[in-house]
Amino acid sequence: MIAIYPGSFDPITLGHVDIITRGSRLFERVIVLVSSNPNKVPMFSTSQRINQIEKSVGHLGNVEIDQYDGLTITYARQRHARVLLRGLRVLSDFEKELQMAHTNKTLADDIETLFLSTSTEYGFLSSSLVKEIARFGGPIDHLVPHHVARDVCQCYAQTQPTPMPNSAAPAPRPMDCQ
Ligand code: ADP
């Protein structure tokens with residue numbers, strides 16, 4: 001059975017890697033699908049994110065990485081996938097994820113959304129949190145693969161002048177790191 005793991009992965013974190021690794025033990029094939037979230041402005045381009053994911057999970061023989069900007073269920077149908085894999089961390093994820101799962105069910109009754117609960121050590125972890133820490137110069141090596149930590153830190157180093165005391169550091173503008 002093929003499972004699609006869709007997300008923005010901007011950037012991939014150890015929480016994502018954990019879900020992909022565990023999913024790869026459950027399904028014949030896991031396709032990590034990088035898609036644009038219309039509500040989020042990405043830090044990294046799609047090809048950069050694909051590259052980061054490849055370096056992070058490329059050693060898993062049954063994991064494939066692809067991109068698609070249409071409906072996930074359309075892509076799933078094209079690939080004959082019956083499962084959409086998603087991760088659940090906290091209660092606030094549940095509401096959003098359940099709404100999406102129900103919506104997808106109205107669009108494709110034959111495709112099921114399956115949730116893996118986060119491993120306890122990654123329950124707090126999100127891509128946004130990683131960016132927030134890095135933006136203020138904090139360490140992120142324990143949260144993302146090393147090559148991703150390097151990309152994120154380089155991005156902030158390139159785009160961010162030393163902030164004036166008492167002024168908020170500006171976030172990198174979209175495309176600055178792409
Ligand atoms: P999206 O913008 O579609 O939510 P994300 O890249 O933020 O994409 O997340 C993709 C999926 O991975 C979502 O199902 C999300 O809940 C899950 N996820 C993100 N971080 C973690 C984590 N630390 N542990 C488990 N699942 C996670």
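This is a predicted model: local features need pLDDT of at least 70, side-chain atom pairs count only at pLDDT 80 or more; totals for chains, interfaces and linings use all residues.
Residues are numbered from 1 along each chain as its sequence is written, and side-chain values use heavy atoms, with hydrogens and water left out.

The protein chain contains six helices and five strands, where helices (H or I, at least four residues) and strands (E, at least two) are DSSP runs numbered from the N terminus. Along the sequence these elements follow the pattern β-α-β-α-β-α-β-α-β-α-α. The radius of gyration of the protein chain is 17 Å, which agrees with the value near 16 Å that a compact globule of 178 residues would have. This radius is taken over C-alpha atoms, and the globule rule is 2.2 Å times the number of residues to the power 0.38. Along the principal axes, the C-alpha atoms of the protein chain fill a box of roughly 55 × 30 × 30 Å.

Of the 178 residues in the protein chain, 46% count as buried. Buried means under 20% relative accessible area, exposed over 50%, and partly exposed in between (1.4 Å probe, protein chains only). The accessible surface of the protein chain comes to about 9,800 Å², and carbon and sulfur atoms hold 55% of this surface. Accessible areas come from the Shrake-Rupley method with a 1.4 Å probe; for residues, only the protein chains shown count as cover. Among contacts (heavy atoms within 4.5 Å) in the protein chain with a separation of 6 or more, 75% are between residues 24 or more positions apart.

The ligand has 19 residues around it, of which Tyr5, Ser8, Lys40, Gly87 and Tyr122 come nearest. A residue is near a molecule or strand if one of its heavy atoms lies within 4 Å of it. At least two residues of the shell are supplied by each of β1 (2–7), α1 (14–26), β4 (83–88) and α4 (91–107). By class, the shell has six nonpolar, seven polar and six charged residues. In this classification, Ala, Val, Leu, Ile, Met, Phe, Trp, Tyr, Cys and Pro are nonpolar, Asp, Glu, Lys and Arg are charged, and the others, Gly among them, are polar. Polar side-chain atoms lie 3.2 Å from a ligand oxygen atom in His16, 3.1 Å in Arg86 and 3.3 Å in Glu97. The protein covers 94% of the 560 Å² of accessible area that the ligand has on its own.

Asp18 is located in helix α1 and counts as buried because its relative accessibility is 15%. Apart from residues up to four places away in sequence, Asp18 touches Ser119 and Tyr122.

His147 is buried, with 13% relative accessibility. Beyond its neighbours within four places in sequence, His147 is in contact with Gln52, Lys55 and Ser56. The side chains of His147 and Ser56 are joined by a polar contact of 3.2 Å. A polar contact is a pair of N or O atoms within 3.5 Å; within protein, one must be able to donate a hydrogen and the other to accept it, and residues adjacent in sequence count only if both atoms are side-chain atoms. Ala149 has a relative accessible area of 4% and is therefore buried. Ala149 touches Ile140, Asp141 and Val144, not counting residues up to four places away in sequence.

Asp110 belongs to the loop between α4 and β5 (112–117) and is partly exposed, at 41% relative accessibility. With neighbours within four places in sequence left aside, Asp110 is in contact with Arg77 and Arg82. The side chains of Asp110 and Arg77 make a polar contact of 2.9 Å.

Backbone features were found in two further loops. In the loop between β1 and α1, which holds Pro11, a cis peptide bond joins Asp10 and Pro11, with omega about 0°. Phe9 lies in the loop between β1 and α1 and has a positive phi near 45° although it is a residue other than glycine. Phe9 is buried, at 2% relative accessible area. His80, in the loop between α3 (72–78) and β4, is not a glycine but has a positive phi of about 55°. His80 counts as exposed, with 66% relative accessibility.
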